[in-house]
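Here is a short report on one chain. It covers contacts, cores and charged pairs.

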Amino acid sequence: MSIAKPRFQDLSPDLQYQVWQRQQWSQCLFYLLLSPGVAYLVIPSVNTWVDSHIGVQRQVRIEDNRGLPSELPEQLQVSPQRGEMIAGFEVTSPYGDRSDQAASLPAGASLFHLGTDLATPKGTAVYALGTTTVDCWRDEGGGGLVAEVTSQAIPDYRFQLLHLDDCFTGIHEAGAVIAQSGDSGIGAAHLDIRQEERLSGQKVPPYRGYIEWALTGISPFGAPSLLVDKLKKSEGFSLAAYLDPVGIPTIGYGATTYPDGSPVRLGDHIHPEEAEDLLQWHLDKAAQSVDKLVDVPLAEHEKAALTDFTYNVGGDALANSTLLQKLNQGNKEAAAQEFSRWVHGEGGQVLPGLVKRRKANQQMFRGEF
């Protein structure tokens, strides 16, 4: 004879509690036994998801930095030594051990120097390193007013400028003044420039090229290879002659004439090697026009921008331009602003391709690669 199992609601309160307690322990034991298996299945999936998303962000960052100069010229990847002159200022204390100077160091100064000191008078301008972000703060430990500097053109490093008289927080374009050297903190008026790796945060000997850039506003990155790449992208490429947006027969990388002076005609064809030679011939001709017409000293990137501009519009157009007039008056920023006026085709129509190209000319002229 079978005995019917009592229902839960028919049990006494004490028995109901005991049954409920056993159910809770059973559930806990079940989840404890189940969790290793769930972890085995789930954690690899989570790791894969995280890795893929981090990888995507890393790839995006790499792609965003394409076209930016990645390294200084080799001769500028050195840290200056005591007594050297940079942009007219003497290096008074280089990176590294300076225990031999202990007697002459101001009170509180470190025997191992993490930066490079230059004898800059109070109020000396410090310039943006391309498009630059600046955060200002005060170091009560002796650094005085400090600028924390990062540059889009220098993805591997960040910089600190110590002992400042003034500092300008924000995002600054190339050539803008971001700080002024001073005598805040320990010591007399000077500028202490420090360079550190972005990933590790480790201080490294500051490169001469970056120090020169900060004190002159002139980018040390070579522009010729950038110029050729940008020019090719701007002009496009065709082995057969075609009409450009203003109706002029064009071939190769935007060439409208041949070295013998004869014009390109519809129906003309050239080989890839001939297109490269024609590009170089026109580039050399444009560079010669810039050298002949410009009366003021030019940084390499400024000459590259003017060469591309002249390649596109011709030497005669440069010679008669307000851009050249302002440049030869020594007003480089006013000259840079003139690029944006050269964006019209026949009938005064604004051509989007020229708008983009003139912006690139302007950026390169200012050192914003």
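Leaving aside neighbours within four places in sequence, which residues is Tyr 311 in contact with? They are Leu 231, Glu 235, Tyr 253, Gly 254, Ala 255, Leu 279, His 282, Leu 283, Ala 286 and Arg 357. Contact means heavy atoms within 4.5 Å.

This is a predicted model: local features need pLDDT of at least 70, side-chain atom pairs count only at pLDDT 80 or more, and totals for chains, interfaces and linings use all residues. Residues are numbered from 1 along each chain as its sequence is written, and side-chain values use heavy atoms, without hydrogens and water.

Tyr 311 is also in the largest nonpolar core, which has 30 residues. A nonpolar core is a set of buried Ala, Val, Leu, Ile, Met, Phe, Trp, Tyr and Cys residues joined through side-chain atoms within 4.5 Å. Buried means under 20% relative accessible area, exposed over 50%, partly exposed in between (1.4 Å probe, protein chains only). Helix H4 (272-293) is among the contributing elements. H4 gives the largest share, six residues. Helices are DSSP runs of H or I, at least four residues, numbered from the N terminus. A second, separate core of 29 residues includes Leu 129 and Val 134.

The chain has 16 salt bridges, each a side-chain nitrogen of Lys or Arg within 4 Å of a carboxyl oxygen of Asp or Glu.

| Pair | N to O distance |
|---|---|
| Asp 192 and Arg 194 | 3.0 Å |
| Lys 232 and Glu 276 | 3.2 Å |
| Lys 303 and Asp 291 | 2.9 Å |

Asp 192 is buried, at 2% relative accessibility. Lys 303 is partly exposed, at 28%.

Conventions:
Helix = DSSP H or I, 4+ residues; strand = E, 2+ residues; numbered from the N terminus.
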